[in-house]
Amino acid sequence: MLQTLYDHFWWDRLWLPVNLTWADLEDKDGRVYAKASDLYITLPLALVFLIIRYFFELYVATPLAALLNVKEKTRLRAPPNATLEHFYLTSGKQPKQVEVELLSRQSGLSSRQIERWFRRRRNQDRPSLLKKFREASWRFTFYLIAFVAGMAVIVDKPWFYDLRKVWEGYPIQSIVPSQYWYYIIELSFYWSLLFSIASDVKRKDFKEQIIHHVATIILLSFSWFANYVRAGTLIMALHDSSDYLLESAKMFNYAGWKNTCNNIFIVFALVFIVTRLVIMPFWILHCTLIYPLELYPAFFGYYFFNVMMAVLQMLHIFWAYFILRMAHKFITGKLVEDERSDREETESSEGEEAAAGAGAKSRLLANGHPILNNNHPKKD
């Protein structure tokens, strides 16, 4: 039965144009073609990336945070309370008024004290500024290196300048070692992001991030074994062109370099809009939707690839909405923060003397992760 499923999955008619078989893509005459088995190494390499990330954050990002004077905001801790802790872990982090009154009777605390305890307890679970800085530093480093390396891989290729050449001779297109390693490294990195997403900083677009990582992994994997490699390298370089700018803006924000953060964000917004909302749909998607039909009739692989491309494009539109909204607030002089993040909750003015002075300022933080506004006094 497994063999039957395997044979059906790898049926030539699913993934290749008419009159072509997998035998046409076997290595011969010194020409090497992409094969699905090449991707097996990406899973162990993803674990290697996680190990490298651990040591990078420990020995590079942490000292860099200290050098840039990244300071953690003092948080008041919720006092130990078994009743409230049990409710927090089993029933929810934001009790309703009826539940607050019930907990008040069970614990002997006032409703105000119950609400205050849950505020502090929720804030305890929010990621620290150092954690966010280290995560941004790791992603910035990878995206920057990947973008530079990716451009080196494709800049001398004729299809970089003429998209019709992406499909010239398809699918009988051999690959070179630089394309192989570009794919393997990028795919391994996205696997590592998917493996670590549960422990990384969570934002409002958590589900969209999972969809993005899964769609990217599927798209890269399919484009490799179906030999959409030329299109795949263009797509990867296009995405990496703006990602490192966003991560660097986050780093400077956490360090309190407000002007630098704001300026980089504006550059990021421009690059994102141009690459994701202009080049991606009107050049790349046009290339993958229209040009193949000039050579072959549509087949399942053609539809599958472009559906995955459409999923990514919808995510680009989703994120562009937040980016444009933040850019509008910035241009109009309003305070701007990361629209994707949850706000850090402040203490009430009643009975919170330790937090009273900082309360108004801390409201500007979005899960400790603003993009264009921060509460650090330092300016570059």
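Lys35 is partly exposed, with a relative accessible area of 29%, where partly exposed lies between buried (under 20% relative accessible area) and exposed (over 50%), computed with a 1.4 Å probe on protein chains only. The model is predicted, so that local features need pLDDT of at least 70 and side-chain atom pairs count only at pLDDT 80 or more, whereas totals for chains, interfaces and linings use all residues. Residues are numbered from 1 along each chain as its sequence is written, and side-chain values use heavy atoms, with hydrogens and water left out.

Lys35 forms a salt bridge with Asp27, the closest N and O atoms being 3.0 Å apart; a salt bridge is defined as a side-chain nitrogen of Lys or Arg within 4 Å of a carboxyl oxygen of Asp or Glu. Asp27 is also partly exposed, at 41% relative accessibility. The structure holds 11 salt bridges. Another of them joins Asp156 and Lys157, with an N to O distance of 3.0 Å. In this pair Asp156 is exposed, with a relative accessible area of 55%, while Lys157 counts as buried at 13%. Side chains of opposite charge can pair when their charged atoms come close.

A further salt bridge is formed by Asp200 and Arg139, whose closest N and O atoms are 3.2 Å apart. This pair links distant parts of the chain, with Asp200 in the loop between H8 and H9 and Arg139 in helix H7, 61 residues apart. Both Asp200 and Arg139 are buried. The two residues also belong to a network of salt bridges that links Arg53, Glu57, Glu135, Arg139 and Asp200.

The protein chain contains 13 helices and 0 strands, the elements being DSSP runs numbered from the N terminus (helices: H or I, at least four residues; strands: E, at least two). Of its 380 residues, 48% count as buried. Among contacts (heavy atoms within 4.5 Å) with a separation of 6 or more, residues 24 or more positions apart account for 80%. The chain exposes about 19100 Å², of which carbon and sulfur atoms supply 65%; accessible areas come from the Shrake-Rupley method with a 1.4 Å probe.

The largest nonpolar core has 65 residues, and those with the most contacts inside it are Val166, Tyr228, Phe305 and Met309. Such a core is a set of buried Ala, Val, Leu, Ile, Met, Phe, Trp, Tyr and Cys residues joined through side-chain atoms within 4.5 Å. Elements giving two or more residues to this core include helix H3 (42-67), helix H7 (129-154), helix H10 (229-255) and helix H12 (300-331). Leaving aside residues up to four places away in sequence, Phe305 touches Leu219, Phe222, Ser223, Tyr228, Ala231, Ile235 and Thr288.

Helix H9 has 20 residues and reaches 29 Å from its first C-alpha to its last, close to the 28 Å expected at 1.5 Å a residue; the expected span is 1.5 Å times one less than the number of residues. Just after H9, Asn227 takes a positive phi of about 65 degrees.

An unreviewed UniProt entry lists residues 39-68, 140-160, 180-198, 264-291 and 303-324 as "transmembrane region"; UniProt positions are given in the numbering used here, feature names are shortened, and annotations may be inferred rather than shown by experiment. In the model, residues 39-68 are 87% helix and 0% strand, with end C-alpha atoms 39 Å apart. Residues 264-291 are 93% helix and 0% strand, and their end C-alpha atoms lie 36 Å apart.
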